Amino acid sequence: MGNHWQYNVLKGLSWLVCQLPYKVILLIGAFLGPVYGLIAKKQKLRGIENVKIGMNMNTEESSQLLDELFKNLGRSAMEILYMPNLTKDFIGKHIELRGAEYLDAALQEDKGVIILTAHVGNWEWMGAALAANGYPSTTIVKKQPNAQFTRLMNEFREMVGLEVFARGGSEMIKAAKALKKKKLLGFLADQDGYIHGLPVPFLGQESSAVVGPATFAQKFGSPVVPVFASRKPEGGHIVHILPPLYYVDSGNQDVDMYRLTEQCCQVTENFIKEHPTEWLWFQHRWNTKPDEIIDYDKKMAIRELAHEKQ
């Protein structure tokens, strides 16, 4: 119980930040982010290597991109502390939804909607904007190492109207129920899929891809709608809602799962390439080596089959 001070400090910090004008917190964030970048040397170096491969850049260009990324991360950190100020009115002024017609049409199908998203832009504000615009939003979140930070984050998420499930057994059942109730179910699907993932190349490197979105799409027939956030230069955000992806049943479930997972990766990759200073290049996305993936040979054969039939 001794860690409550962390929660209280964060809560106090959030209260202080909320007293400031939005423009001011963005300036503070853009200053603090690169300061963190100086401390997080390991992350920066890892990020530079990944950018070189993913964006086809040299070391200098990659380093500049990472500098911009740290500014954006600083802005996002300040914005997260600012979340108690996210009234509908504030969201209406500062967050623009583009492509809402895709989401509306997907909801009309009455099978719930899987939201495919990534650690790009301010994904927390993106969720808040969907909820504020009347979309019944739920999200699956990974437990953070710091329980007090998680507690505060989940409070903020619920404050803006998001229903939160942590990853784990019974939570997956709740997530399934959310889809059955025709709600949106958000997946941050740009992470390493570990040994249970599928071998899908991502940003120029072999990787293990998360199968969550495809699994739920196969099970419930729900459309997968890609939704990503990007920053406006003057402050505020654009929420980009893209055309839906579908699980297409060809009679070979393995191939069909692979295809949808690959499409999810491609859409995510395309968005990252358009907004490269907004994605977490230093995350451990490529940690799982291909031969560590369970049934790797079988999955590679499925990959070949998926490409043959296209």
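Visitor: What makes Phe 187 and Phe 216 buried?

Guide: Phe 187 is buried, and Phe 216 is as well. Buried means under 20% relative accessible area; exposed means over 50%, and partly exposed lies in between (1.4 Å probe, protein chains only). This is a predicted model, where local features need pLDDT of at least 70, side-chain atom pairs count only at pLDDT 80 or more, and totals for chains, interfaces and linings use all residues. Residues are numbered from 1 along each chain as its sequence is written, and side-chain values use heavy atoms, with hydrogens and water left out.

Visitor: Why is the pair of Tyr 22 and Trp 125 called stacked?

Guide: The structure holds 14 aromatic pairs. Rings of Phe, Tyr and Trp (its six-membered ring) pair if their centres lie within 6.5 Å; planes under 30 degrees apart count as stacked, over 60 as edge-to-face and the rest as tilted. Tyr 22 and Trp 125 have ring centres 5.6 Å apart and planes at 25°, so the pair is stacked.

Visitor: Why does the radius of gyration agree with a compact globule?

Guide: The radius is taken over C-alpha atoms, and the globule rule is 2.2 Å times the number of residues to the power 0.38. With 310 residues, the rule gives a value near 19 Å; the protein has 19 Å, so the two agree.
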